[in-house]
Protein chains: 2
Amino acid sequence: SPLVVDNPEALKAAVAKASPGDIILLKDKEWNNSGLRLQGNGTAGKPILIMPQTPGGVTFTGQSFVQMGGSYLVFKDFHFRNGYSPKREVISFRINNEVLANHCRVTGIVIENYSQPERFKSDSWITLYGKHNRIDHSTFVNKLNSGPLIIAELDDERSQQNEHSIDSNYFKGRQRFGSNGGETIRIGVSRYSLTASRTNIVRNFFERCNGEVEIVSIKSGENNVSFNTFLECEGGLVLRHGSGNVVEGNFFLGNNKPFTGGVRVINPNQKVVNNVFSDLQGVNFRAALAVLNGVPNSLINRYYQVKDALIEHNTFINSASILFGAGKDAERTLAPENVSFKHNLILSSGTEVYTNANTGNGILFSDNGLEKSFKGEVPQGFKVMKTSSIKVNGFSLPYHPDYGADVKKLPLIKKENTGASWYHPEPEKTIRKAMSFQVRSDQSQTLPALLKQAIAGDTIVLSEAANYKISAELLVSKPLIIMAAPGLKSRPVLIGTSAKSMDAFISIENGGDLLVKGIAFKGTYESFPAVDAGIRSTDRPMNRPYRLEINNCEFYDYNESSNAGFKASKSTLADSLVVLNSIFHHMSGAGIDLSSEKEDKGMYNAEYTVIKNCTFSNLLGAAINIYRGGNDESTLGPFVTIDHCTFNEVENREQGTVVRLIGAQQAAVTNSNFSYSGQGGRSVLFQEYRWDNILVDYCNFY
Amino acid sequence: SPLVVDNPEALKAAVAKASPGDIILLKDKEWNNSGLRLQGNGTAGKPILIMPQTPGGVTFTGQSFVQMGGSYLVFKDFHFRNGYSPKREVISFRINNEVLANHCRVTGIVIENYSQPERFKSDSWITLYGKHNRIDHSTFVNKLNSGPLIIAELDDERSQQNEHSIDSNYFKGRQRFGSNGGETIRIGVSRYSLTASRTNIVRNFFERCNGEVEIVSIKSGENNVSFNTFLECEGGLVLRHGSGNVVEGNFFLGNNKPFTGGVRVINPNQKVVNNVFSDLQGVNFRAALAVLNGVPNSLINRYYQVKDALIEHNTFINSASILFGAGKDAERTLAPENVSFKHNLILSSGTEVYTNANTGNGILFSDNGLEKSFKGEVPQGFKVMKTSSIKVNGFSLPYHPDYGADVKKLPLIKKENTGASWYHPEPEKTIRKAMSFQVRSDQSQTLPALLKQAIAGDTIVLSEAANYKISAELLVSKPLIIMAAPGLKSRPVLIGTSAKSMDAFISIENGGDLLVKGIAFKGTYESFPAVDAGIRSTDRPMNRPYRLEINNCEFYDYNESSNAGFKASKSTLADSLVVLNSIFHHMSGAGIDLSSEKEDKGMYNAEYTVIKNCTFSNLLGAAINIYRGGNDESTLGPFVTIDHCTFNEVENREQGTVVRLIGAQQAAVTNSNFSYSGQGGRSVLFQEYRWDNILVDYCNFY
Ligand SMILES: [Ca+2]
Ligand SMILES: [Ca+2]
C-alpha cells in the first residue's frame with residue numbers, strides 16, 4: 001500500500017527514496033506553513049505520484065510553497081488557500097538554480113486566496129523551469145497581487161525549447177490590477193526572447209481575466225496557443241516578443257463587455273489562424289485584432305517590426321475593431337510588412353471593416369469574406385457573402401466552408417471541461433443579519449471596538465450633532481456604513497484627541513468598503529496633535545481594491561501641506577471613490593489626494609473617481625490631485641468624472657494646479673466653476689496621450 | 001564633596017533626590033548609549049548643577065540623549081559626538097508631555113557628528129519646552145540631517161510667553177541641506193504663531209549656516225533677536241509667522257559670498273532696527289532686506305500681509321539687494337502697508353538703492369542716508385551724505401551720528417566670545433599616505449575587500465583591457481579613485497557575475513567620494529542576472545553629500561526601464577555630479593537618473609550637475625532626468641550644466657523627454673545636438689518658476 005506522510009520532512013525523505021511508480025500520499029489535513037522540497041526521479045512509464053489521501057483532502061495554508069526538482073514527478077489534487085508564498089512562487093519547477101524539474105506535472109490543483117498581502121509584492125503561483133513539464137486540469141482563482149499567475153522562464157538552455165504544456169486549466173477571474181503585472185500567463189522575457197520556447201497553451205478556459213492588457217504575454221518564440229476559450233477578458237493574447245508563434249483555434253468571446261480584446265501581433269513570422277473573435281468591444285491595444293507598428297532600431301524590450309505574418313481563416317463577429325498599425329506614434333513608425341490577411345470571415349453591422357493607421361501595402365488583403373449584413377463600402381480583398389449558422393457546444397456561430405474559422409471542427413472549450421474536477425466551492429455562511437448601532441458623542445471611545453466587531457453591512461449611526469472625540473484611527477476592514485442620524489441640525493464632528501498625531505480619522509483597511517454620510521472631519525482641535533487626513537486608505541499591506549463613497553461630508557482645518565481631506569496611501573487601489581455633496585475648506589494640502597504612486601510606472605490610486613456637487617474653498621494645495629506617471633500601456637484607468645463642483649481660492653501658487661489629472665486616461669470635467677483659483681498656474685492640468693479620452697466642458701474660469 | 005555617578009540610573013536617582021544647590025558630577029569617560037532622565041528641583045539662587053568631573057570629560061556617544069524636567073537644573077560642559085539621538089531630540093526640555101522644564105539651563109556643551117544617519121529622518125539637537133530656560137555658551141557643529149538644530153515649541157500655554165534665552169552660542173557651520181528642514185533655529189510653528197513666544201536670541205555667532213533659506217525661522221510673536229553675528233550665511237533671519245518681533249543690533253556679514261542673506265519680513269508689527277548688513281550677495285528671498293508681499297485671506301501657514309513695520313537706523317553696505325514686495329506672484333498679491341523706512345544708511349556702488357515690486361506707497365521712505373559714492377538717481381526719502389569710518393572689534397564700518405546703525409555702541413560678537421570655552425578640537429590623524437593598487441582581471445574578486453581596506457585618497461587601477469567579473473557591489477565609503485591603467489587599447493569592462501541581480505557595479509556609500517576614469521559598465525552578460533545600474537548612490541542611510549566624477553566611461557546593455565547608467569537613490573544628495581567625455585548607449589532606462597525624490601516637497605538628488613562632452617544613443621528612457629517637484633522655496637539647487645552633448649535615438653515615446661529638468665532652478669543646456677530624439681514629446685523639458693535662471697542656447701534639434 002502507498003506510503004502516507006504527514007509532514008514536509010517525511011515527504012522530502014519519501015520522495016528522495018522513492019522508486020519509479022511509487023505513490024506517496026499526504027495525510028488529509030491542513031498543512032500550515034509547509035515548505036515542500038520534492039526531489040526525485042521516476043520514469044516516463046512509471047512516474048512518482050504525490051497526492052493527498054483524497055483529492056482536495058490536503059489544504060496548504062499560511063506560507064506554504066512547493067519546489068520540485070528531478071524528473072517524472074506528478075503533484076496532484078492539492079488545495080492551496082488562505083495564505084501566500086514566502087518565495088517568488090507558490091510552486092516552482094526547480095529546487096534551486098542547479099536542480100531543475102523535467103517531465104514533471106502539476107495537475108488537479110486549486111489555488112485560491114493565496115495572494116501576497118501587499119499588492120505590489122510580486123510573485124507567481126507557478127513558475128516553469130526545465131523542459132517537458134505540464135500544468136493541467138487545475139483551477140486558479142483571482143490572483144490579486146503583482147506578477148503573472150503562471151510564468152515560464154527561459155534563463156538558459158536548460159529551460160529553452162522546453163515543450164511545456166499548460167492545458168485544460170480554469171483561470172477563474174483576475175480583477176483589474178491597475179498596473180502592469182496583472183498578466184495571467186507569461187512565457188519568457190524580452191532578454192531571452194530571440195530563443196524558442198515551444199510551450200503549448202491549449203484547451204484552457206480564461207474567464208474575466210481582467211488584470212491588464214496582456215492576459216497571455218508571449219515573450220519568446222515558437223509557442224503554440226490553441227483551442228483556448230477567453231470569456232469576457234479585458235485584454236488579449238499578446239505576441240509581445242519572439243517570433244514564429246502560432247495562435248490557432250481559440251475563441252475570444254466578449255459578450256459585448258467593454259474593453260474585451262483578442263490578439264495583438266508584434267515581431268516577425270507570427271501565425272494567427274482559425275480563431276473566432278466574437279462580440280469584443282475593445283479598441284486600440286485591446287482590438288479583436290491589433291497588428292502593431294514597430295520601432296526602428298528597436299531595443300530588445302521594445303517593438304520589433306511585424307513581418308511575414310499569416311492571419312488567415314479567422315472569424316470576426318460584431319467586434320469593435322480590427323486595427324493595423326496599432327500604437328503608431330512618433331516612436332512606433334515602422335508599418336507591418338508582408339502580412340497576409342486572407343480567407344478571414346467578418347460579420348460587421350458597422351460601416352468599416354478594419355482600420356489601417358499606415359499607408360502603403362504592408363497588409364496583403366486577399367479573398368476575405370464579408371457577411372452580407374455589412375453596410376459600408378466593401379474594401380479591396382473582401383467580397384460579400386452569405387453564411388450559415390451552426391451550433392458548437394450550444395453556441396451559435398456563422399459558418400462558411402471557405403472563409404473564416406472551421407468552426408465545425410473546433411472544440412469550443414467550456415469551463416466544465418477544465419480545472420480540478422474535485423473542486424466544488426461552497427458559498428460562505430453569514431453569522432447574522434447586518435444591523436445598525438447608535439453611538440452618542442459620550443460613547444466616542446467605543447467606536448474602534450464597535451468597528452472591529454461589526455460584520456459586513458453593519459451601519460454605525462452617530463446620533464448627536466456634537467463633537468466626537470477620536471483618539472485612535474477608526475479601521476474599516478469590511479463593508480460598512482458610518483453616518484449621521486437623519487434630521488440632525490448640523491453634522492457630527494470628528495475631532496482628534498490622541499496624544500500623538502494621527503494619520504486619519506478613518507482608515508480603509510484590506511477588505512474594507514465604506515459609505516460615510518453627513519459627518520464633519522476637523523483636522524485640528526485645541527492643542528491636540530493634528531490629524532493628517534479625514535479619511536485615508538491604509539499604509540498597511542492591501543491587495544483588494546476598495547470602494548469608498550463620501551456623501552454630504554465636510555473636511556476642514558488641515559494645516560500641513562501633506563494633509564488632505566481624503567488621502568490614498570501608496571500601494572492601494574480604490575475600485576471606486578465617489579464624493580458627493582461635500583465641502584473641503586481651510587486646508588494647506590489637497591482636498592482629495594490620489595497621487596501616492598509617484599514611481600512613473602503607470603500605477604495609480606483609483607480606477608474610478610467620481611466627484612460631484614462638491615465645494616473646495618481656501619485650499620493651499622490642489623483641490624483634486626490624481627497622478628499616474630510614465631508610459632505604461634497596460635491599464636485602462638484612471639477614469640475621472642468631475643461635475644458640478646466649485647473651486648474658490650484654491651492653489652494660487654506659482655505653477656500650481658487646482659485640478660491635477662496627470663495620466664488620467666478617461667476624464668471629464670464639466671459644469672464647474674473656478675474662481676480666484678490656479679492664478680499662478682492652471683485650473684486643470686492634463687498630461688495627455690493621444691489615445692486618452694479627455695473632456696472639459698461647460699466650466700467657468702474667472 | 002559632590003556626588004560622583006557613573007551610570008544613567010544612578011544619575012537619575014541622584015537628581016531626583018538632590019536638594020537645591022547640590023552638585024552632581026558625572027564620571028569622566030565615554031558614556032555610550034546613555035539615555036538621561038533628569039528630573040529635579042533647585043531654586044533660583046541654588047540650582048542643581050549636573051556636570052562632568054572636568055569640562056568636556058564626559059563624552060556622550062552612540063544613541064545617547066537627555067530629557068530634563070522640573071526647575072533650576074543646570075546641565076553643563078558635556079560633549080556629544082559620534083552618534084545620534086534615538087528620540088526626536090538630543091536634549092529635550094521636557095521628560096514627557098506632563099513634566100516640562102522651567103528655569104533650566106544647558107550651558108557649555110558641544111554637539112558634533114551627532115546627526116541621524118538617514119538625512120531625511122528629522123530631529124533637533126535641542127528642543128525647548130516650558131518657560132525661562134536658557135541655552136548658552138555652547139558649540140554646535142554642522143548638523144547634517146533634517147530638522148532645526150534648536151527648536152522652541154509653543155504647543156500650549158505652559159510653553160508660551162516663555163522668556164527663553166538662546167545666547168552666546170557658536171553655530172559652527174551647517175552645509176546646504178538641499179531641502180526644507182535645514183534651519184538652525186526655529187521658534188514656534190505656524191499653528192501657534194499668533195501667540196507670543198518672547199524668546200531671546202542674542203549674542204550668538206552663526207558661521208556659514210547654509211542649510212536653507214531660513215537660518216533663524218521665527219514662527220511666533222514678540223521674540224527678540226539681537227546682537228548676533230551672521231558670518232557668510234546663505235540665508236537669513238526670517239520673521240516667517242507671528243508679529244511684534246524685534247530684530248536689533250545684528251551683523252550680517254556676507255564677505256561677498258554668493259547667496260548670503262539678511263532679514264526677511266512678513267506679518268504685522270515687526271521691527272528691524274540698528275542692524276548692519278554688509279557685503280551680502282543674496283537676492284530675492286536672500287536679499288539683505290526682503291519685505292514680502294502677503295496672501296489675501298491667508299491660511300495661518302502661508303503669508304500674512306506686512307503692516308506697520310519699523311525698519312530704521314540700519315546700515316546697508318555694498319549689498320546686492322534691498323527688496324520690497326519680495327515673492328510677489330499670482331498668490332502673494334498684497335503689498336506691504338505702512339512700513340516706515342527711516343534713518344537708514346546705505347552704501348552702494350550701484351545705481352539703484354532698492355527695488356519695489358509694487359506700486360503704491362506702502363513703504364514710507366523718509367530721511368535716509370545715501371553715501372556719496374552712489375552713482376544713480378537719488379530716490380525720494382534719501383539724501384546723499386559723507387560718512388566717517390570707525391573700527392569695531394577690528395572691523396571697519398561706516399558711521400554717521402544720525403543715520404544707520406549706532407555702530408559705536410554695538411557689540412560686534414566674534415566667535416571667540418561664543419561657544420564652549422573648554423572645546424579645542426584637534427585635527428584628525430592620518431594612518432599612511434594615499435597609494436595606488438594595480439588589479440588584473442583575474443584579481444576581480446579582490447576588489448570588494450580592496451575597497452574596504454583602502455583609505456581616503458587611494459587609487460584602484462584596473463590594469464587590463466579585459467572583462468572584470470563583479471559578483472558583489474563595490475562599496476565606496478571614502479574618497480577614492482577607480483581608473484583604467486593609462487594607455488590601454490580599450491576600456492576595462494565591468495560585468496556582473498553574481499547569482500542574484502545587483503543594484504549597481506559601484507555604490508557610493510555615506511562618506512564616499514569617487515573619481516572613476518576609463519571604465520566600461522556592461523549591464524548584462526551571458527545568462528547572469530542583470531546589473532541595474534553602472535553606478536548608484538546607496539539606498540542605505542546617508543547624511544553626507546557626496547562628490548562623483550565620471551570621466552571617459554561607457555555604460556551599455558541595460559534592459560529594464562528602471563535601469564540607469566548612474567542612478568541616485570532616494571534620500572541621497574550629491575554635492576556635485578560631474579560626467580565628462582562618456583558614452584551611454586543601448587539602455588531601456590535613463591542615462592543619468594537624478595529623479596528619486598518624487599515627493600514634490602522640494603527635495604532633489606544633486607546640488608550641482610555638470611555633464612559635458614557626452615554621447616547618449618539608443619536610449620528608451622530619458623538621457624538625463626533631474627527632478628525637483630513642488631513649490632518649496634528653501635533651496636538654491638539643482639544647478640545643472642549640460643554642454644557639448646549629443647543625443648541620438650533617445651526617448652521617442654509619447655510625451656517622452658530627452659533631457660528632463662523639472663524644478664532645476666539654475667540650468668544651462670548649450671552647444672548640444674539632438675537627433676531623432678524626443679519625437680513623441682520634448683527635447684528639453686522645464687517646469688520653470690519665475691525666479692529660475694534657465695538658458696538653452698546654441699543647440700541643434702533635428
Ligand atoms: Ca504586462
Ligand atoms: Ca524652512
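B:K29 lies over the face of B:W31, 5.0 Å from the ring centre. A charge counts as over a ring if NZ of Lys or CZ of Arg is within 6 Å of the ring centre and within 35 degrees of the ring normal. A:R240 sits over the face of A:Y303, at 3.8 Å from the ring centre. This is a predicted model: local features need pLDDT of at least 70, and side-chain atom pairs count only at pLDDT 80 or more. Side-chain values use heavy atoms, without hydrogens and water.

**Aromatic pairs**
- The structure holds 68 aromatic pairs over all chains.
- Rings of Phe, Tyr and Trp (its six-membered ring) pair if their centres lie within 6.5 Å; planes under 30 degrees apart are stacked, over 60 edge-to-face, the rest tilted.
- A:F140 and A:F171 are stacked, at 5.4 Å centre to centre and 20° between the planes.
- A:F140 is in strand β16 and A:F171 in strand β19 of chain A, so the pair ties together parts 31 residues apart in sequence. Strands are DSSP runs (E, at least two residues), numbered from the N terminus.
- A:F140 is buried at 0% relative accessibility. Buried means under 20% relative accessible area (1.4 Å probe, protein chains only).
- The rings of A:F252 and A:F277 are 5.0 Å apart at their centres with planes at 5°, so this pair is stacked.
- One aromatic cluster includes A:F140, A:F171, A:F252 and A:F277.

**Cysteines**
- There are zero disulfides over all chains; a disulfide needs two cysteine sulfur atoms within 2.5 Å.
- For A:C614, the nearest cysteine sulfur is that of A:C645, 4.9 Å away.
- The sulfur of B:C553 is 9.6 Å from that of B:C614, too far for a bond.

Note on methods: Residues numbered from 1 in each chain as written. Chains lettered and ligands numbered in written order. Helix = DSSP H or I, 4+ residues; strand = E, 2+ residues; numbered from the N terminus. Buried < 20%, exposed > 50% of the residue type's maximum accessible area, 1.4 Å probe, protein only.
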